[in-house]
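Please look over the sequence and the 3D structure shown below. The report after them goes from the whole chain to single residues.

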Amino acid sequence: KLQDGSTKIVLLSGKTVVNKQTTGSKTDLATGARVLVIGNANSDGSITADSISLNPMFRGNEMTPTPAK
């Protein structure tokens, strides 16, 4: 169901890709990995992440993570 309570029919083709995510950890982050970061921008230009998705399927702003040591 959508937020307004209505429904939407979704059609799948032979080219449709279905992805399944699992919970990861900081050790799954690697320099050069494609990530989607959702969080809050800080005044110094950094982002405090609330959520990080590895290998997102859509194109957008991309960042290269630098894991804390």
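What follows describes a predicted model, beginning with the chain as a whole.

## The chain as a whole

The protein has 69 residues, and 7% of them are buried. Its secondary structure consists of 0 helices and 2 strands. The accessible surface amounts to about 6,600 Å². Carbon and sulfur atoms account for 52% of that surface.

Contacts can also be sorted by how far apart the partners are in the sequence. Of the contacts in the protein with a separation of 6 or more, 35% are between residues 24 or more positions apart.

## The two strands

Strand β1 covers residues 35-41, and strand β2 covers residues 47-54. The two pair in the antiparallel sense, with 7 bridges. Together β1 and β2 make a hairpin, and 5 residues lie between them. In the turn, Gly45 has a positive phi of about 95°.

## Ser51 and its partners

Which residue stands opposite Ser51 of β2? It is Ile38. Ile38 is also among the residues in contact with Ser51, together with Leu36 and Val37, when neighbours within four places in sequence are left aside.

Gly39 is 12 residues away from Ser51 along the chain, yet the C-alpha atoms of Ser51 and Gly39 are separated by 6.7 Å.

Is Ser53 buried or exposed? With a relative accessibility of 18%, Ser53 counts as buried, because the cut-off for that class is under 20%. Apart from neighbours within four places in sequence, Ser53 is in contact with Gln21, Arg34, Val35 and Leu36.

One of these partners, Arg34, lies in the segment before β1. Arg34 has a relative accessibility of 34%, so Arg34 counts as partly exposed. Arg34 and Pro56 are 22 residues apart along the chain, while their C-alpha atoms are separated by 6.9 Å.

## Summary

The model shows a hairpin formed by β1 and β2, paired in the antiparallel sense. Leu36 is in contact with Ser51 and with Ser53.

Methods
Residues are numbered from 1 along each chain as its sequence is written. This is a predicted model: local features need pLDDT of at least 70, side-chain atom pairs count only at pLDDT 80 or more; totals for chains, interfaces and linings use all residues. Side-chain values use heavy atoms; hydrogens and water are left out. Helices (H or I, at least four residues) and strands (E, at least two) are DSSP runs, numbered from the N terminus. Buried means under 20% relative accessible area, exposed over 50%, partly exposed in between (1.4 Å probe, protein chains only). Contact means heavy atoms within 4.5 Å. Accessible areas come from the Shrake-Rupley method with a 1.4 Å probe; for residues, only the protein chains shown count as cover. Two strands pair if DSSP finds at least two bridges between them.
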